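Reader: I have a model open on my screen and would like to learn how to read it. Could you take me through it feature by feature?

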Amino acid sequence: MAVRGFVSLSPEAIRFSQSSVNGVKELTASMKANGWRGPPIDVVRMSDGTLTTFDNSRLLAAQRAGIDVRAIVRESDAAFPAGRWTPRSGTNPGTWGEAVQSRIQQQNRQFREQYPNGSNFTGSSQ
């Protein structure tokens with residue numbers, strides 16, 4: 001369902017771009033109590049047609065809370081906002097697809113090789 005430029009999606013329909021995330025315990029509790037609050041997450045339609053998130057913590061919290069996410073679906077070739085995020089390489093991504101690929105490339109070797117366009121699973125210390 002589209003609302004003001006974003007859609008409501010099942011968190012299971014979106015893959016993670018990180019092998020693990022931190023700090024989701026309080027966010028999950030808040031989502032269980034209050035539903036989705038705050039801005040939508042950015043998800044990217046990858047070359048294989050699936051969606052991968054750039055905002056991993058809120059996706060995991062929504063999964064654990066059992067609620068849908070609010071998301072803005074970005075096309076892989078759409079321009080990535082300058083200054084939004086810089087990968088360890090120091091080279092700023094030009095497109096949303098490059099940004100997600102850069103984030104995936106910063107993960108451990110097993111994750112990068114097994115999930116080149118993102119994973120349905122991620123780890124968490126909480």
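Author: We will go from the overall fold to one helix and then to a few residues. This is a predicted model, in which local features need pLDDT of at least 70 and side-chain atom pairs count only at pLDDT 80 or more, while totals for chains, interfaces and linings use all residues. Residues are numbered from 1 along each chain as its sequence is written, and side-chain values use heavy atoms, with hydrogens and water left out.

Reader: Happy with that. How many helices and strands does the protein chain have?

Author: Helices (H or I, at least four residues) and strands (E, at least two) are DSSP runs, numbered from the N terminus. Here there are four helices and eight strands. Their order along the sequence is β-β-β-β-α-β-β-α-β-α-α-β. The radius of gyration, taken over C-alpha atoms, is 14 Å, close to the 14 Å of the globule rule (2.2 Å times the number of residues to the power 0.38) for 126 residues, so the chain is as compact as a globular protein of that length. Along its principal axes, the C-alpha trace spans about 40 × 35 × 25 Å.

Reader: What share of the 126 residues counts as buried?

Author: Buried means under 20% relative accessible area, exposed over 50%, and partly exposed in between (1.4 Å probe, protein chains only). By that reading, 40% of the residues in this chain are buried. Contacts tell you about the fold too; contact means heavy atoms within 4.5 Å. Among contacts between residues at least 6 apart in sequence, 71% join residues at least 24 apart.

Reader: Now a helix, please. Which residues of H3 are buried?

Author: Helix H3 covers residues 96-105, and its buried residues are Trp-96, Gly-97, Ala-99, Val-100, Arg-103 and Ile-104. Looking down the axis of H3, these fall within an arc of 165° (from the directions of the helix axis to the C-beta atoms), so they line one face of the helix.

Reader: What do the buried residues of H3 pack against?

Author: Their partners are strands S5 (41-45), S6 (51-53) and S7 (69-75), together with helices H2 (56-65) and H4 (109-114). H2 is itself mostly covered, with seven of its 10 residues buried. Those are Asn-56, Arg-58, Leu-59, Leu-60, Ala-61, Ala-62 and Ala-65. After H2 comes Gly-66, whose phi is positive, near 75°.
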